[in-house]
Amino acid sequence: MRKPTFSIGGVHPHDSKISRECRVEPMPLPDSAYIAVAQHIGAPAKPLVAVGDKVKVGQPIAEPGGFVSAFIHASVSGTVKSIAPRADLAGNPVMTIEIAREGDEWMEGIDLSDTLVTEIPDDNKAILDKIRLGGIVGLGGATFPTHVKLSPPPGSKCERLIINGCECEPYLTSDFRCLLEKGEQVVIGAAILKQVLGGVPCTVAIEENKPEAIAHIGEVIARLRKQSPKYDGIEVMVMKMRYPQGGEKQLIDAVMHRQVGSGALPISVGAVVQNVGTALAVYDAVLKNKPLVDNTLTVTGECFPHQANLLVRVGTPLRTILEHLGGIPDEAVKVISGGPMMGKAVANLDAATLKGTSALLLLTEKQTARGEEGPCIRCGKCAEACPMGLEPFLLQKLSRIGDVEALEANAAQDCIECGCCLYSCPANIPLLDIIRLGKADAMKAIRERAAAAKAAAEAAK
Ligand code: SF4
Ligand code: SF4
């Protein structure tokens with residue numbers, strides 16, 4: 001039987017999951033944590049602490065700065081040393097709370113034991129509150145506040161919850177390890193999310209290159225189902241391996257055969273998608289009272305002798321992580337935060353991890369070398385590969401000449417920055433890099449128009 005996948009575009013890069021056998025190990029605590037107040041989609045959080053304050057792990061140190069925003073918690077215990085702009089991985093200043101660590105003292109009420117809690121409380125409002133207060137955001141890359149995603153706007157209704165266990169980016173293995181090592185917690189987290197969404201069916205989507213995880217999650221679901229009907233309606237779906245299957249719109253297409261329109265949210269077609277790591281974080285927040293203070297990230301690359309999956313406290317400097325694993329080998333010329341297709345080059349190794357940091361990938365000169373750029377030969381391969389049905393050759397042209405109106409008319413704002421076009425181009429045109437700039441301009445124009453329309457509507461009242 002053909003395995004489900006999305007209907008248009010996509011590519012098949014080698015999966016390079018060379019760290020797949022590395023069990024998740026806790027990273028030693030950093031001497032200082034540098035916790036950015038803007039590390040989720042939406043308004044930056046507002047600091048709740050002052051320089052000199054003593055904090056414990058799990059204590060809220062910044063509160064949501066708007067409706068779409070999230071709480072941020074101390075990831076280490078100690079003293080707040082500074083609240084000031086600090087360079088992120090691209091070198092841009094971001095307001096950051098620095099905590100000089102003293103010991104490892106946690107807030108009271110957080111359950112750090114290994115005891116598995118399987119009983120899900122009935123009170124959905126209390127569950128949503130715990131998710132909000134726990135600062136849970138989507139850990140699949142988007143970092144959208146989870147409590148907002150779980151509160152569909154009036155008139156929309158969730159029909160299916162999809163737990164995204166595809167991890168289709170090459171090299172990344174933290175979700176795979178999480179499915180294998182914390183499968184129970186992931187399924188319980190999924191059941192919590194499912195209940196909050198009104199008991200809708202839930203699909204745990206896992207790509208076919210993770211047979212151990214597919215078998216394990218299937219067993220876990222069967223076991224938990226015997227304990228409580230709250231685990232009914234959760235199923236594993238084995239997906240064909242194809243990039244970018246883990247893209248929200250692609251996964252909804254693959255699982256539900258529904259297309260999310262331009263600029264629309266998944267809920268417009270009745271879907272809510274949550275990542276495996278998010279389901280685990282929801283379990284922790286709701287049943288263990290543990291806010292999002294750490295996450296698992298993969299450290300990998302063929303030139304890196306110390307492959308690892310590490311449980312890292314949020315705000316740990318990237319340099320500290322790499323030094324813990326033996327330092328950067330001479331052959332490595334580039335560090336990427338994330339995977340090779342969608343990740344971002346790290347310009348500043350003193351930048352610290354964020355809630356959504358999924359990987360550090362080290363690449364050699366040979367791996368980063370790009371062939372000489374030639375003229376477009378109009379082969380159409382980029383358009384064939386685009387999973388959003390865009391025309392990358394046209395978008396890059398419009399981007400180069402700065403035609404924002406035409407970029408918008410040709411849906412540059414729908415680009416998910418997956419890199420399939422760049423991967424497919426025989427002329428080595430840096431399509432993604434160029435389209436990214438055009439997309440930013442188109443998004444800016446859309447935002448400005450929306451703000452102007454809102455201001456005009458308010459003035460007319
Ligand atoms: S990066 Fe954008 S334009 Fe290129 S294939 Fe992906 S969605 Fe299409
Ligand atoms: S893949 Fe490259 S060469 Fe082919 S049409 Fe697209 S931009 Fe042109």
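Of the contacts in the protein with a separation of 6 or more, 74% are accounted for by residues 24 or more positions apart; two residues are in contact if their C-beta atoms, placed from the backbone, lie within 7 Å. The model is predicted, and local features need pLDDT of at least 70, side-chain atom pairs count only at pLDDT 80 or more, and totals for chains, interfaces and linings use all residues. Residues are numbered from 1 along each chain as its sequence is written, while chains are lettered from A and ligands numbered from 1 in the order in which they are written.

The protein contains 14 helices and 17 strands, taken as DSSP runs (H or I, at least four residues, for helices; E, at least two, for strands) and numbered from the N terminus. The C-alpha trace spans about 65 × 60 × 50 Å along its principal axes.

Of the 461 residues, 48% count as buried. A residue is buried if 20 or more other C-beta atoms lie within 10 Å of its own, exposed if 12 or fewer, and partly exposed in between, with C-beta atoms placed from the backbone. The largest nonpolar core has 127 residues, and Val187, Ala190, Ile206, Ile217 and Val282 have the most contacts inside it. Such a core is a set of buried Ala, Val, Leu, Ile, Met, Phe, Trp, Tyr and Cys residues joined through C-beta atoms within 7 Å. Helix α7 (residues 276–287) contributes the largest share of this core, nine residues. Beyond its neighbours within four places in sequence, Ile206 is in contact with residues including Gly165, Leu179, Ile217 and Val238. Leu179 is also among the buried residues of α3, a helix (residues 174–181) in which six of eight residues are buried.

Helix α7 packs against α4 (residues 183–196) at an angle of about 80°, with the axes 7 Å apart. Helix α4 is therefore roughly perpendicular to α7, a class that covers angles of 65 to 115 degrees. Axes are lines fitted to C-alpha atoms, for helices over the stretch in contact, and angles run from 0 to 180 degrees between N-to-C directions. Among the residues that meet are Ala190 of α4 and Val282 of α7. Helix α1 (residues 124–133) packs against α7 at about 110°, with the axes 9 Å apart. In this contact, Ile127, Lys130 and Ile131 of α1 face Val282, Ala285 and Val286 of α7.

Several features lie in loops. The peptide bond from Tyr243 to Pro244 is cis, with omega near 0°, and Pro244 is in the loop between β11 (234–239) and α6 (248–256). Asn289, in the loop between α7 and β13, is not a glycine but has a positive phi of about 60°. Asn428 has a positive phi of about 55° and lies in the loop between α13 (420–424) and α14 (431–460). Asn289 counts as partly exposed because it has 17 C-beta neighbours inside 10 Å, whereas Asn428, with 12, counts as exposed. Gln307, in the loop between β13 (294–300) and β14 (308–313), is 288 residues from Ser19 in sequence but 5.5 Å away in space, C-alpha to C-alpha.

Conventions: Parallel < 35°, antiparallel > 145°, perpendicular 65-115°, else oblique.
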